[in-house]
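Visitor: I'd like to learn how to read a two-chain model. Can you take me through it, one feature at a time?

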Amino acid sequence: MSISLDEVRHVARLARLELDDVELAAFHGELNALLGHFQDVQNVDLSAFGAKPHAVSLQNVWSEDEAVTGLSRDEAMRNASVSRAGLFIVPTIIED
Amino acid sequence: MLTQASAAELAARLKAREVSAVEVLEAHLERIDRHDPDLGAFLYVDREAAYRDARRCQEALDRREGGPLTGVPVAHKDNLSTAGSPTTCASRILEGFVPPYDATVVERARSHGLVSVGKTNLDEFAMGTSCENSAFQVTRNPWDPDCSPGGSSGGSAVAVAAEMCPVALGSDTGGSVRMPAALCGIVGYKPSYGRVSRYGLIAFASSLDQVGTFGRTVEDAALAAEAVSGHDPRDSTSAILPPVSSQGVKSGTLKGTRFGLPEEMFSEAVEPDVRECLERAVESLVKEGAEVKRLSLPSTSLGVSTYYLIAPAEASSNLARFDGVRFGPTVGGDGHAGNSARTRGTLFGHEVKLRIMVGTYALSAGYYDAYYLKAQQARALMVAEFDQAFQDVDVLVSPTSPTVAFRLGALRDDPLALKLLDRCTVPANLGGYPSLSLPCGFARNLPVGLCLTGPVNRDEDLLRTAHAVERALPWGYRRPPMP
């Protein structure tokens with residue numbers, strides 16, 4: 001299976017990565033090299049195995065419903081790129 | 001020389017008050033001043049905080065208090081959050097980020113009396129095998145400064161190998177503790193998944209990430225793990241088990257221990273002189289009474305593909321949080337999506353972007369079943385095979401890396417070749433197994449690492465066996481050729 005340059009552009013958009021043409025061309029080559037390697041997994045019949053999303057079996061963990069102290073607003077905001085009056089300033093999401 | 005002493009020796013001398021915590025710190029900081037400009041292990045050294053911690057440790061020691069490592073210096077990989085000091089993951093996208101809280105391991109290290117000397121370099125977001133993907137600097141191997149120290153925790157490995165601290169913390173998602181330990185001639189230990197809290201470890205691939213420890217001896221790596229491991233309610237994947245115990249670590253024996261050698265990990269992909277070095281090491285184990293069984297684990301040939309589908313898929317999701325709003329600098333662009341895409345496109349490095357792309361593709365509609373789901377099934381197959389093998393053997397032996405340290409830049413233009421170096425280390429992450437690399441000899445005057453992997457949550461057994469292996473091997477402890 002190989003990937004076209006247009007698909008690479010589409011994946012970059014899904015991944016929220018703005019890439020110039022030089023980078024897109026580089027990723028095009030590298031992604032195809034990797035996809036070529038991944039062929040080994042494609043070629044094996046794995047139908048007898050269920051998906052294993054985790055290394056070890058995990059159980060749901062419940063904790064007591066107790067109030068604990070978290071970060072203060074100032075602490076949580078300290079790394080914001082842009083903030084005003086204790087709020088994150090976010091670029092426009094919904095146009096007029 | 002204080003800097004040549006192991007953590008265990010230093011702790012004993014501190015406890016006996018033959019030496020003070022401040023003197024120990026001073027000796028290591030001098031070593032950093034002398035060698036780090038050439039080696040580039042550290043991204044950040046906080047002397048003031050280190051002296052403050054050392055003085056506090058000394059007060060505890062003066063009161064005859066303190067634990068097994070009180071007053072011993074430690075370094076933290078720079079993807080472990082440290083309250084009040086920069087944590088960058090060696091990425092421009094986190095430049096200037098100062099976490100508001102400590103990672104659990106950082107907090108535990110401090111509460112056990114370890115004195116942090118600073119934050120160490122890594123491949124950006126721990127994605128790499130050579131430590132060359134850092135946005136800030138190259139780290140050099142103390143055995144040959146023209147060679148890579150391995151990655152991604154290269155800075156921590158070099159800090160320990162070059163005696164700038166006796167123990168250090170790293171993270172191991174596909175071999176990132178064991179690989180640099182092997183290439184730098186020290187011990188690197190990745191505990192079972194869940195034994196060490198991931199809280200405050202900046203996530204790369206959550207089902208694989210595990211904090212690990214470096215030391216120049218197995219005992220030191222075990223002592224450091226004991227200090228930082230144990231259940232943490234703040235990490236929902238944390239195992240409800242006590243800390244990894246270092247008690248009895250020296251009591252292991254090779255007599256009757258069953259070692260399994262997977263033939264796929266001794267294939268022609270392994271450099272001949274690395275393979276010979278391993279074979280000689282295995283002969284030494286047999287002389288000491290170990291049983292050696294050659295076996296086949298066919299699915300390990302799928303390990304690299306499985307890993308490089310699952311890890312990027314998880315990374316593409318974990319790294320979505322770096323959107324130019326909540327952390328670090330922002331570059332600007334049209335609207336929220338445009339701002340996010342431009343910030344990420346500009347500030348993430350090439351390898352990080354590549355992995356986000358791979359992960360996004362593997363998870364996208366139409367390809368999920370062909371790639372991500374297939375990789376998860378391959379993971380199930382591999383775990384089934386390994387679990388079966390552990391019915392017959394106590395521990396698996398393999399090279400840690402198929403090569404010794406390679407020249408900086410040599411593999412930069414061949415990302416697939418770099419990824420294939422991980423073939424012996426990724427299975428332990430995919431299965432959550434405890435795994436440890438220790439030096440077993442030299443090839444072309446560079447250290448060779450031997451990797452031991454055991455069943456899940458049998459960490460204490462693995463450490464005991466590793467200690468027995470360390471005693472049996474004719475390595476002694478050789479120091480890198482630096483003044």
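Guide: Let's start with a term: a salt bridge is a side-chain nitrogen of Lys or Arg within 4 Å of a carboxyl oxygen of Asp or Glu. This is a predicted model, where local features need pLDDT of at least 70 and side-chain atom pairs count only at pLDDT 80 or more, while totals for chains, interfaces and linings use all residues. Residues are numbered from 1 along each chain as its sequence is written, chains are lettered from A and ligands numbered from 1 in the order in which they are written, and side-chain values use heavy atoms, with hydrogens and water left out.

Visitor: Which residue forms a salt bridge with A:E23?

Guide: That's B:K353, with the closest N and O atoms 2.5 Å apart. Between chain A and chain B the count is 2 salt bridges.

Visitor: Which helix of chain A gives the most to the side that touches chain B?

Guide: Helices here are DSSP runs (H or I, at least four residues), and strands are runs of E, at least two, both numbered from the N terminus. α2(A) gives the most, with 9 residues. That side of chain A divides into 34 nonpolar, 8 polar and 8 charged residues, where Ala, Val, Leu, Ile, Met, Phe, Trp, Tyr, Cys and Pro count as nonpolar, Asp, Glu, Lys and Arg as charged, and the others, Gly among them, as polar.

Visitor: How many residues does the contact take from each chain?

Guide: Contact means heavy atoms within 4.5 Å. By that rule, 50 residues come from chain A and 68 residues from chain B.

Visitor: Is B:C89 buried or exposed?

Guide: B:C89 is buried, at a relative accessible area of 0%. B:N457 counts as partly exposed, at 31% relative accessibility. As for peptide bonds, a cis one joins B:G151 and B:S152, with omega about 5 degrees; B:S152 sits in the loop between β3 and α5 of chain B.

Note on methods. Buried means under 20% relative accessible area, exposed over 50%, partly exposed in between (1.4 Å probe, protein chains only).
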